[in-house]
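This report concerns a single predicted model.

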Amino acid sequence: MNQKLFIFLLIVILWSAVIHADEAVTAGVSPDNALLWRLEILMEDINTAATANQGTKIEKILDHAAERGAELEKMLRWEKTAAAEKAAEKHEKLMSSALEKIQELEHKNTEKEFEAEVHIEEAIGMYLGQMTTIML
């Protein structure tokens, strides 16, 4: 029975990610629901690790960071400090990871990576705009 529940939750999380890909960033499962939040993080990590294209990988990391930012805002609004700290820590780790990946692309300096870098800079601009909206 547990395996069926796990598969169902996995499908729900992946489907919701596909449906909401072009929408504004919202907090999905929040850190105050520890089990589902960890499952969501695990699925995001697997999805990101399975992505071969570095530019796409960075975009996914930034999307996940934006969601952690929305979760942080939600937890602060609900005055759940411990859960907010979890979201903030994960957000910081994701942003550090994105920065490392960007620096790796800069060192490769091929035309393909340059195009990816331009696309990433656009994604970062969108991310910063979303985070500004969330934090206001």
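## Salt bridges and burial

Asp32 has a relative accessibility of 34% and therefore counts as partly exposed. Its salt-bridge partner is Lys80, with the closest N and O atoms 2.6 Å apart.

A search of the whole predicted structure finds seven salt bridges. Three of them are listed here.

| Pair | N to O distance |
|---|---|
| Lys80 and Asp32 | 2.6 Å |
| Glu40 and Arg68 | 3.8 Å |
| Asp45 and Lys90 | 3.8 Å |

The bridge between Glu40 and Arg68 joins helix H2 to helix H3 across 28 residues. Glu40 is buried, with a relative accessible area of 8%, and Arg68 is buried at 0% relative accessibility. Both residues also belong to a network of salt bridges that includes Glu44, Glu67 and Glu71.

The pair Asp45 and Lys90 connects helix H2 with helix H4, its members being 45 residues apart. Asp45 is partly exposed at 37% relative accessibility, whereas Lys90 is buried, with a relative accessible area of 18%; the cut-off for burial is under 20%.

Helix H2 itself covers residues 34-49, and its 16 residues reach 22 Å from the first C-alpha to the last, close to the 22 Å expected. Its buried residues are Trp37, Leu39, Glu40, Ile41, Met43, Glu44 and Thr48.

Notes: Residues numbered from 1 in each chain as written. Predicted model: local features only at pLDDT ≥ 70, side-chain atom pairs only at ≥ 80, totals over all residues. Heavy atoms only, no water. Helix = DSSP H or I, 4+ residues; strand = E, 2+ residues; numbered from the N terminus. Expected span 1.5 Å × (residues − 1). Buried < 20%, exposed > 50% of the residue type's maximum accessible area, 1.4 Å probe, protein only. Salt bridge = Lys/Arg side-chain N within 4 Å of Asp/Glu carboxyl O.
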